[in-house]
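Trainee: I would like to learn how to read a model like this one, feature by feature. Please show me where to begin.

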Amino acid sequence: MINRIWPKGFMLVALVSSVSVAIYAANFHQAETLLSQQAGAAKSALPEKNLQHLLSQLDNRLKQDRQDHEASLFKAMLYFNTGALQKALREIEQLTQRAPDFHLAHLVKGDILMSRFRPVSDVGESPLLQNINAKEKQKLQQLRAEVEARLKAMVEKELGDKVPMQLLGLGKSTDIAILVEKKYNRLYVYGRTSEHEPPRLIRDYYVSTGKKRGNKLSRGDLRTPEGVYFVTAWIPDKRLPDKYGVGAFPVNYPNELDRKLGKTGNGIWLHGTDRGSYSRPPLDSEGCVVLPNIDLSGLKKEIIPGKTPVVITEQANWLDRAEWLQQRQEIMAELEQWRKDWESLDADKYLSHYSSNFWAKGHDLRSWSARKRFLSRSKTYQRIKLSDIALFAYPLKDSQQATVVVRFRQQYESNNYHGDVHKRLYLRKDGLRWRILYEGA
Amino acid sequence: MSPLFATAALDEVDKLMKAGHYRQALSRLDSMPTGEKADPHYLFSHARALAATGQYMQAIAQYEVLLKRQPNLPEPYNNLALIYIQQGKPEQARAMLNKALLTHPGYARVYKNLTAINTARARDAYAKALQMPTANQVSGLQIADSLSLPVSTAKSTAPVVTATAESHIKPNMVYQAKNAPADTKKGLIARKERTTSKADTVVQSLLHNWARAWSTKNVEQYLHFYSDDYAPSGISHGVWAAQRRQRINRPKWIRVQLRNLTLTELGNDRLSVRLEQEYAADNYRDITRKEFVLQRLAGEWRIIRERGLGHIVR
């Protein structure tokens with residue numbers, strides 16, 4: 001019987017013990033079955049080892065950043081779940097003092113207090129909240145969605161040594177790259193390591209994304225676009241309405257590929273939160289990626305407009321190190337072959353790297369080929385040097401060809417021309433071969 | 001003034017306060033002779049009247065004087081909690097109520113007040129969560145208006161245990177200090193007398209109250225005797241509590257009696273108690289030897305270990 005369980009409260013038990021199980025209170029019945037199965041048995045629903053493991057993870061997060069309010073919230077919930085009510089209360093009280101605008105923390109605090117004399121089967125499921133109005137009901141639903149999204153990311157994302165295929169190389173001039181997984185309402189910040197090694201996860205954050213799920217297609221569809229983008233600017237607080245919080249980093253949606261595909265809309269930004277709240281519900285923006293102010297402020301000094309990549313996915317492709325190295329190698333080899341063939345002055349070889357769907361500013365493959373053939377006739381030699389090479393992969397989806405964006409510095413020298421530019425290529429895998437889909441400076 | 005006379009005067013004060021005439025009650029109390037002003041009942045009435053007229057600091061001081069003499073009474077703690085609520089100090093209020101529970105776990109009023117305070121705090125937290133207007137008021141608090149101390153013993157300062165708790169303490173308890181030589185029986189008894197008013201009395205009455213909570217199937221009270229993270233044999237506290245709730249509620253009736261309590265100090269605010277437990281219920285009965293280890297946590301004794309040492313066949 002549910003009301004016999006005390007002070008179970010949030011049913012994290014089921015979810016922690018069999019990490020596959022979904023969420024929280026949705027699993028109340030499952031957890032309860034678990035409890036009744038072991039009445040008399042000397043085995044716990046929440047193995048001490050798991051509990052300690054989770055607690056030490058959370059402690060580490062707090063050691064890294066005292067302002068990691070989510071870690072503190074989870075700590076309180078874990079204590080709550082194992083019946084250590086006083087510890088839970090102490091943790092949540094400290095949290096609500098540090099972050100008085102973290103509405104979710106207040107909700108959990110209410111639940112912990114109520115659990116002393118009645119079981120709490122779901123977040124905010126309290127007799128004190130029986131007669132709330134429609135607006136308050138909506139807010140409650142939003143807070144429930146938020147805790148669910150946050151927990152889902154913690155429980156389902158045990159990354160271990162996995163690295164995202166989306167970040168295959170940051171390039172020397174870029175210290176960090178940002179990856180967003182919409183499914184988990186999560187933003188990951190990766191730092192550059194050595195040139196041929198996967199980047200290192202620095203931190204991850206809860207974010208809010210577009211009100212509607214799915215990939216953005218058109219203006220006003222309230223979706224967050226998926227693709228490889230770059231931060232283009234910083235707009236400070238004072239030039240923005242309140243709802244953007246401490247400021248905004250616009251990204252280059254629609255990018256070259258989006259425009260080719262006819263996608264419309266603009267104004268996709270990474271921005272902060274209205275100052276009345278610490279965070280926003282998971283699906284709440286018109287397409288932007290929204291961070292708590294405190295997190296955006298922390299990131300601000302790391303983000304360089306014009307440089308910092310922002311790869312947005314529904315779900316990233318997670319690889320182990322060997323797979324990552326192989327992917328990177330494949331694309332680096334193609335790039336090197338293109339460079340060599342270009343240098344060789346053999347126009348046929350050079351042009352074989354381009355896709356039949358190729359386009360560039362003012363060109364399709366035909367006009368591009370004609371121009372390149374014409375130019376190559378005047379050359380006696382060409383030397384091309386590529387440096388600061390960065391590789392970012394589009395998320396792999398069924399029935400879609402793999403696409404990567406390559407960014408690099410190109411120093412060109414020939415008998416009659418010198419150039420030093422930053423270039424962006426879109427490569428697409430066509431059967432077994434990578435071909436250039438777009439080239440731009 | 002004879003005790004009888006004092007009692008009559010205090011009855012009068014009581015009536016005045018019931019009618020809401022606190023100022024009159026105060027002056028009646030003031031007019032009592034100095035000799036009567038050390039009486040616990042006087043102190044209690046005086047503190048109540050002071051609190052009712054908003055003189056919180058003086059009221060707190062009076063309750064503290066009373067508690068120094070009678071540390072095991074729940075009512076002053078209960079009423080102190082109400083003052084702290086008035087002053088907007090819910091944390092201190094809760095601490096007071098917890099102390100009241102330790103002196104007297106069966107005190108229903110304290111549970112009601114704890115519930116009222118926690119409910120108010122929860123309501124406040126929910127209001128902040130959902131951006132609702134806050135009332136910020138604790139409703140349903142109950143003041144204690146009389147002491148659970150017989151009037152006849154009111155002047156005596158010797159017995160420290162509450163009447164109810166004392167009635168459970170059997171005379172055959174032996175205090176055994178860990179480092180005392182076992183053969184100097186005299187020394188043990190002397191030691192016992194010296195420390196009766198301290199930890200061992202508290203712990204003994206606490207265990208009897210534990211047995212009573214179990215006997216009356218009051219699970220909330222029963223669980224309160226254990227530390228918050230009490231978790232025997234590898235199961236979590238939550239699972240254990242759920243199991244206990246289930247098992248205590250199963251029989252139609254339960255009677256638990258404790259005998260032959262032997263206390264041993266373990267140091268670091270820990271005590272071990274060995275005893276015989278007679279358990280009887282509609283469907284089962286046995287007598288077992290048990291050992292408890294109690295620890296003082298934030299001023300409160302809690303059970304941190306409980307184990308059976310085997311059945312006693314009679």
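Mentor: We can begin with a loop residue. B:Gln131 is found in the loop between α7 and α8 of chain B. Keep in mind throughout that this is a predicted model.

Trainee: What is the phi of B:Gln131?

Mentor: Phi is near 60 degrees in B:Gln131, a positive value in a residue other than glycine. B:Gln131 is partly exposed, because 13 other C-beta atoms lie within 10 Å.

Trainee: Which residue of chain A has a positive phi although it is not a glycine?

Mentor: A:Leu222 has a positive phi of about 60 degrees. A:Leu222 sits in the loop between β6 (209–210) and β7 (227–230) of chain A. With 17 other C-beta atoms within 10 Å, A:Leu222 is partly exposed.

Trainee: Is B:Gly140 buried or exposed?

Mentor: B:Gly140 is exposed, because 11 other C-beta atoms lie within 10 Å and the limit for that class is 12 or fewer. B:Gly140 is in the loop between α7 (108–130) and α8 (163–166) of chain B.

Trainee: Which residues does B:Gly140 touch, not counting residues up to four places away in sequence?

Mentor: They are B:Lys112 and B:Ala116.

Trainee: Now the backbone of chain A. Which peptide bond is cis?

Mentor: The bond from A:Tyr253 to A:Pro254 is cis, with omega near -10 degrees. A:Pro254 is placed in the loop between β9 and α8 (256–260) of chain A.

Trainee: Let us turn to helices. How are two packed helices described?

Mentor: The description uses the angle between the two axes and the distance between those axes. In chain B, helix α3 (residues 40–52) and helix α4 (residues 56–69) pack at an angle of about 160 degrees, with axes 8 Å apart. That angle makes α3(B) roughly antiparallel to α4(B), since angles over 145 degrees count as such. The crossing of α3(B) past α4(B) is left-handed.

Trainee: Which residues of α3(B) and α4(B) meet?

Mentor: On the α3(B) side, they include B:Leu43, B:Phe44, B:Ala47, B:Leu50 and B:Ala51. On the α4(B) side, B:Tyr56, B:Ala59, B:Tyr63 and B:Leu66 are among them.

Trainee: At what angle do the axes of α3(B) and α5(B) cross?

Mentor: The axes of α3(B) and helix α5 (residues 74–86) of chain B cross at roughly 10 degrees and come within 11 Å. The two helices are therefore roughly parallel to each other. B:Phe44, B:Ala47, B:Arg48 and B:Ala51 of α3(B) meet B:Glu75, B:Pro76, B:Asn79 and B:Ile83 of α5(B).

Trainee: How do α6(A) and α7(A) cross?

Mentor: Helix α6 (residues 103–114) and helix α7 (residues 134–156) of chain A cross at roughly 95 degrees, and their axes come within 10 Å. That makes α6(A) roughly perpendicular to α7(A). The contact joins A:His103, A:Leu104 and A:Leu107 of α6(A) to A:Leu143, A:Glu146 and A:Val147 of α7(A).

Trainee: Which residues of α9(A) are buried?

Mentor: In helix α9 (residues 293–300) of chain A, the buried residues are A:Asn293, A:Ile294, A:Asp295 and A:Leu296. Their cover includes β5 (200–206) and β9 (247–250) of chain A.

Trainee: Which residues touch the most other members of the largest nonpolar core?

Mentor: That core has 65 residues, and those touching the most other members are B:Ala47, B:Ala81, B:Met96, B:Leu97, B:Leu207 and B:Trp210. At least three residues come from each of domain 1 (3–153) and domain 2 (168–311) of chain B. A second, separate core has 62 residues, including A:Val228, A:Tyr354, A:Tyr394 and A:Leu437.

Trainee: What do the totals for each chain show?

Mentor: Chain A has 12 helices and 20 strands, and buried residues make up 44% of its 441 residues. Chain B has 12 helices and five strands, and buried residues make up 37% of its 314 residues.

How values were computed
Residues are numbered from 1 along each chain as its sequence is written. Chains are lettered from A and ligands numbered from 1 in the order in which they are written. This is a predicted model: local features need pLDDT of at least 70, side-chain atom pairs count only at pLDDT 80 or more; totals for chains, interfaces and linings use all residues. A nonpolar core is a set of buried Ala, Val, Leu, Ile, Met, Phe, Trp, Tyr and Cys residues joined through C-beta atoms within 7 Å. A residue is buried if 20 or more other C-beta atoms lie within 10 Å of its own, exposed if 12 or fewer, and partly exposed in between; C-beta atoms are placed from the backbone. Domain bounds come from an automatic or database domain assignment. Axes are lines fitted to C-alpha atoms, for helices over the stretch in contact, and angles run from 0 to 180 degrees between N-to-C directions. Helices (H or I, at least four residues) and strands (E, at least two) are DSSP runs, numbered from the N terminus. Angles under 35 degrees count as roughly parallel, over 145 as roughly antiparallel, 65 to 115 as roughly perpendicular and the rest as oblique. A crossing is left-handed if the near helix is turned anticlockwise from the far one by less than a right angle, and right-handed if clockwise. Two residues are in contact if their C-beta atoms, placed from the backbone, lie within 7 Å.
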